[in-house]
Amino acid sequence: MAAEVLVPSSPAEAVALFRDGAATTVIGGGTVVVPAITSGRLDPGRVLLLSRAGLDGVTVDGDTVTIGATTPIEALLALAEHASALAACARNLADCEIRGQGTVGGNLCVGAGYEAPRGDLQGCLLALDARVRSAGPDGERTEPLEDFLAGRRGRLLLDVAFERPAASAFVALAYPHTHEYTVLAVSGARGADGTVRLAATGVAGPGARLRSAEAAAADPEAAGAAAVSDVTFADDALASAWYREQTLPVLVRRVLSHLEESA
Amino acid sequence: MNLTVNGVETPIESGPLTSLLDVLREELGITSPKAGCEQGGCGACTVLVDGEPRRSCLTPLAAVDGAAITTVEGLGSPERLSPVQQAFTHHYAAQCGFCTSGMMMAAQAYIDRGGSDDHEAIQEALGGHVCRCTGYVKIIDAVAAAARGDSFDLTVTASGAAITNLGGVA
């Protein structure tokens, strides 16, 4: 069991206690970390528990939506008018009890799962061109989510923000399984300037931008085919890499079709 | 740390990262929350934390220090079953009973927030709860009946069979 459990009561205290994150396990809602501790897979030495740090809450300022790190995932269901894809993505994630406990920051920072992909929101927020404000030893910085996901070690996520898109869409593979994790999903958003962004969840690693598919977005058939070259597929307990490779183009086409319909 | 468990303020000695499930079962001897999958997948451990349904297996003690916890033991007693317990009894909504505690706590939370007898809404509210006896139809019927505020004859089931050995569903 952990020797040291820190429960900060303000964002500033959380940042100070996090330091550079070395040898520190951060708990948002606990839905991922607690089972790992209970089962003995994880024996953390220093734990930062954020449940009282005041990092939760959603603010909407004009077209900018900002979501605090410990905002429960369930709160995203109320954001359908700002980004329907994000509400749909959140609704697809587990059940209302887990969504009420799991946090947006936890979902963005969680590592790859042992048996299934994790981080369901990553793809959707990549498609929404979200940016992350985080803190580390060199202070605060704001960067694209994609950069944060690529190099987040040593940084504490404070909030994530995006601009309301002109249209957005989320399509997940309907593949019933006793696990609630998303097998494969594609999110898409069209910005105010007409730019289409696409990203996938459920491929190897964190959520992934589908840049080749974006470049071919005007032709959904070609975009679907191109998406396969944007990601690496992996076998896991939920589905095979082969199966995901066959279905990704279909999901890309459907997302583009939904974006087209809402034009 | 301390918890108010079923209305009783209780000092807790377990470590701060002990799951609420282990605190309830191992330290306090409250056994209605079941240790099923212990990874959030089954719903058998659901309790109310300040009125919200939560998987106790996923909840570290330190995150709920000072909170009010409600388990099935706090719903009613064998002599005075709560409406949800009566509904589960009358509708024979327990088979092996392992999922029943979690189902009832989710049902209680659903009804507390004004949930109706709409089956789709009930399925959504109970979506994280697995019944391996696959008794979902009767469970949903029971929750719908409790949501409507039905009154129940606890000597017979909804299908007419006599109830002889279900003193209390817990």
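Visitor: Is B:Arg80 buried or exposed?
Guide: Keep in mind that this is a predicted model. B:Arg80 sits in the loop between β5 (68-70) and α2 of chain B. B:Arg80 has 10 C-beta neighbours inside 10 Å, so B:Arg80 counts as exposed.

Visitor: How far apart in space are B:Arg80 and B:Asp65?
Guide: In sequence, the two are 15 residues apart. Going from C-alpha to C-alpha, the distance between B:Arg80 and B:Asp65 is 30 Å.

Visitor: And B:Tyr92, is that one buried or exposed?
Guide: B:Tyr92 lies in a loop too, between α2 and α3 of chain B. B:Tyr92 isn't a glycine, yet its phi is positive, about 50°. To be buried, a residue needs 20 or more other C-beta atoms within 10 Å. B:Tyr92 has 20 of them, so B:Tyr92 is buried.

Visitor: What about A:Ala23 over in chain A, buried or exposed?
Guide: Look in the loop between α1 (11-18) and β2 (25-27) of chain A. A:Ala23 has a positive phi of about 55° without being a glycine. With 9 other C-beta atoms within 10 Å, and 12 or fewer being the cut-off, A:Ala23 is therefore exposed.

Visitor: Let's move to helix α5 of chain B. How many Å should its residues span?
Guide: The helix covers residues 136-148, which makes 13 residues. The rule is 1.5 Å times one less than the number of residues.

Visitor: How many residues of α5(B) are buried?
Guide: The buried ones include B:Ile139, B:Ile140, B:Val143 and B:Ala147. A charged pair is on the list as well, B:Lys138 and B:Asp141. Overall α5(B) is mostly covered, and out of its 13 residues the buried count is ten.

Visitor: Which residue takes a positive phi just after α5(B)?
Guide: Go just past the end of α5(B). There you'll find a phi of about 80°, and the residue is B:Gly149.

Visitor: How do β1 and β2 of chain B run?
Guide: Strand β1 takes in residues 2-5 and strand β2 residues 8-11, with four bridges joining them. B:Asn2 stands opposite B:Pro11. The hairpin has two residues between the strands, and B:Asn6 has a positive phi near 50° there. As for direction, β1(B) and β2(B) run antiparallel.

Visitor: Zooming out, what radius of gyration does chain B have?
Guide: Its C-alpha atoms fill a box of roughly 50 × 30 × 30 Å along the principal axes, and 52% of its 170 residues count as buried. A compact globule with 170 residues would come out near 15 Å. Chain B agrees with that, because its radius of gyration is 16 Å.

Visitor: How far apart are the centres of the two domains of chain B?
Guide: The domain assignment gives domain 1 (2-74) and domain 2 (76-170). Taking the C-alpha centres of domain 1 of chain B and domain 2 of chain B, the distance is 21 Å.

Visitor: Which element gives the largest share of the side of domain 1 that touches domain 2 in chain B?
Guide: The contact takes 16 residues from domain 1 of chain B and 14 residues from domain 2 of chain B. On the domain 1 side, the elements giving two or more residues are β3 (46-49) and β4 of chain B. The largest share is three residues, and it comes from β3(B).

Visitor: Last one: which element gives the largest share of the side of chain B that touches chain A?
Guide: That contact takes 23 residues from chain B and 25 residues from chain A. Two elements of chain B give two or more residues to its side, β4 (52-55) and α4 (119-125). By class, this side has nine nonpolar, nine polar and five charged residues. The largest share is four residues, from β4(B).

Note on methods. Residues are numbered from 1 along each chain as its sequence is written. Chains are lettered from A and ligands numbered from 1 in the order in which they are written. This is a predicted model: local features need pLDDT of at least 70, side-chain atom pairs count only at pLDDT 80 or more; totals for chains, interfaces and linings use all residues. Two residues are in contact if their C-beta atoms, placed from the backbone, lie within 7 Å. Domain bounds come from an automatic or database domain assignment. The radius of gyration is taken over C-alpha atoms; the globule rule is 2.2 Å times the number of residues to the power 0.38. Two strands pair if DSSP finds at least two bridges between them.
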